[in-house]
Amino acid sequence: MSTATDRRAGGPPPLDFPFSWDGTRVPAEVEELRATTPVRRVRTIAGDEAWLVSSYDLCQRVLRDDRFSLKDTSAPGVPRQYALTIPPEVVNNMGNITGAGLRRAVLRALNPKSPGLTDWMRTRAHRLVDQLVAEGPTADLRGAFCEPYSAGMHCKILGIPQSEAPAFLRSLDIAFMNAPCPVSGARINWDRDIARMAALLDDPATHGLMGELAGLRDDPDYAHLTDEMLATVGVTLFGAGVISTSGFLAMALVYLLTHPTARDLLQGRPDLIGPGVEELLRVNLSIGDALPRLALDDVRLGDVEVRKGELVLVLVEGANLDADHFPDPHRFDVHRDNTADHLSFGAGAHYCPATALGRAHAGIALEVLLGRLPELALAVPPTQLVWRTGFMKRFPERLPVTW
Ligand code: HEM
């Protein structure tokens, strides 16, 4: 545990963070913090102290300022938001991909305009709805739609068999835990997944991104790459991508099923699903904790002098619901001219490389679900949804629906 913030003795005691795992309401603390102390000391799950940033302007500033580093959050001995569940060097995943000369191949693979990808998604979404309809209500929409749709899309992009999805999917329950101390299962799963993905590099049937990476092994320009490095690309893209896309989709559905006006609008006007997804990105509470950065220097942030070595946490829901940037922020308004300013994909150096894919994934799913199941509704009162705890994303364990 760090002593970096002992200097701050005398201020109010740190608040425990995260505030709430419930994805149907913005934690009560957020509005008040933004209005009074938009840079506030908190105690993290790991037991360390950090600065929680909750206004739009300051969140943006942190994400766009290279003196706040993502890579260094995994350095030994620094204050932590939660225990690492991946090898420390993998925190700088996209930096590693770029350093290995693989950025272009990865960005190409994540482009939803790659031939046939959106058609594949639409067909897959329809098949999953066919299964729901054949079995009849009720169904768990997260387990029976969001997860298989998202995991399938990632297998398609990576070019690995769809039959691999369940094994890689299983690891995510631990890999994205927000645990106070290291979890033994995380390492076991990581080693198994890397071995599994590395074996797929040798499979002649592998195509897509992993097939392309496998092909580089014959290229002397890429002699510096090991199978483990290539497998890490596949495992991390599957993990980051599936947890983000299926989690966001589940949360977008929770929002629509608990906000009839928004849902009726998108159901009646499928042409508005594009801007609707953007607004859902803004209002959704999918990020369960905050985006962590380590201060590499002393930096003034609002009223606070953040010291070198301190942990700073960017509260995305604080930024996305800041009335100073998004007037009437709790109103679902597909006609806002600045909706896309939201920070749900981050900002700055680590801005998500798959924003177009994330949008297409959700847009196609909503088009198919709302189109095919016009009577879609929660099968339980919203208060009965069970929220995952101790996890980097907020989502309901099950999303029971009827139609
Ligand atoms: C709706 C879907 C998605 C959401 C909401 C989302 C959200 C985010 C956010 C907030 C960040 C910034 C993290 C930070 O600054 O600390 C990020 C980065 C990242 N995302 Fe996404 N993401 C989505 C889809 C995907 C997909 C489909 C993939 C890959 C298959 C992906 C891969 C990544 C990677 C590799 C980074 C790290 C970028 C870097 O460090 O430069 N994301 N994403």
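Helix axes here are lines fitted to C-alpha atoms over the stretch in contact, with angles running from 0 to 180 degrees between N-to-C directions. Keep that in mind for the first stop. You are looking at a predicted model, where local features need pLDDT of at least 70 and side-chain atom pairs count only at pLDDT 80 or more, while totals for chains, interfaces and linings use all residues. Residue numbers start from 1 along each chain as its sequence is written.

**Stop 1: two crossing helices**

Select α7 (residues 165-175) and α10 (227-258). Helices are DSSP runs of H or I with at least four residues, strands are runs of E with at least two, and both are numbered from the N terminus. The axes of α7 and α10 come within 10 Å and cross at roughly 75°. α7 and α10 are therefore roughly perpendicular to each other (65 to 115 degrees counts as that; under 35 is roughly parallel, over 145 roughly antiparallel, and the rest oblique). Now show F168, L169, L172 and A175 on α7, then F238, G239, V242 and I243 on α10: these make the contact (C-beta atoms, placed from the backbone, within 7 Å). Seven of the contact residues are nonpolar, one is polar and none is charged. In this scheme Ala, Val, Leu, Ile, Met, Phe, Trp, Tyr, Cys and Pro are nonpolar, Asp, Glu, Lys and Arg are charged, and the others, Gly among them, are polar.

**Stop 2: around the ligand**

Which residues come nearest to the ligand? Out of 20 around it, pick M94, G241, G346, C352 and G358 (a residue is near if its C-beta atom, placed from the backbone, lies within 6 Å). Two or more shell residues come from each of α3 (93-99), α10 and α14 (355-372), and α10 has the largest share, with six. Color the shell by class and you get twelve nonpolar, eight polar and no charged residues.

**Stop 3: the cores**

Next, select A252, A365 and L366, which have the most contacts inside the largest nonpolar core, a set of 80 residues. Such a core joins buried Ala, Val, Leu, Ile, Met, Phe, Trp, Tyr and Cys residues through C-beta atoms within 7 Å. Buried means 20 or more other C-beta atoms within 10 Å of the residue's own, exposed means 12 or fewer, and partly exposed is in between. α10 gives the most to this core, 17 residues. Another core lies apart from it, with 29 residues that include A290, V306, V316 and A347.

Zoom in on A365: leaving out residues up to four places away in sequence, A365 touches A125, Y149 and L249.

**Stop 4: a covered helix**

Move to α12 (residues 273-283), where eight of eleven residues are buried. Among them are I273, L280 and V283, along with E279 and R282. The buried residues of α12 pack against α10, α11 (260-268), α13 (316-320) and α14.

**Stop 5**

Most residues other than glycine have a negative phi, and most peptide bonds are trans. Check the bond from P137 to T138, which is cis, with omega near 0°; T138 sits in the loop between α5 (117-135) and β5 (139-140). The bond from F17 to P18 is cis too, and P18 is in the loop between β1 (15-16) and α1 (28-36).

From T138, hop to A379, which touches P137, T138, P400, V401 and T402, again skipping residues up to four places away in sequence. A379 lies in the loop between β10 (377-378) and β11 (400-402).

Finish at D328, in the loop between α13 and α14. Is D328 buried or exposed? D328 counts as exposed, with 8 C-beta neighbours inside 10 Å, and its phi is positive, near 50°.

Notes. Contact = placed C-beta atoms within 7 Å.
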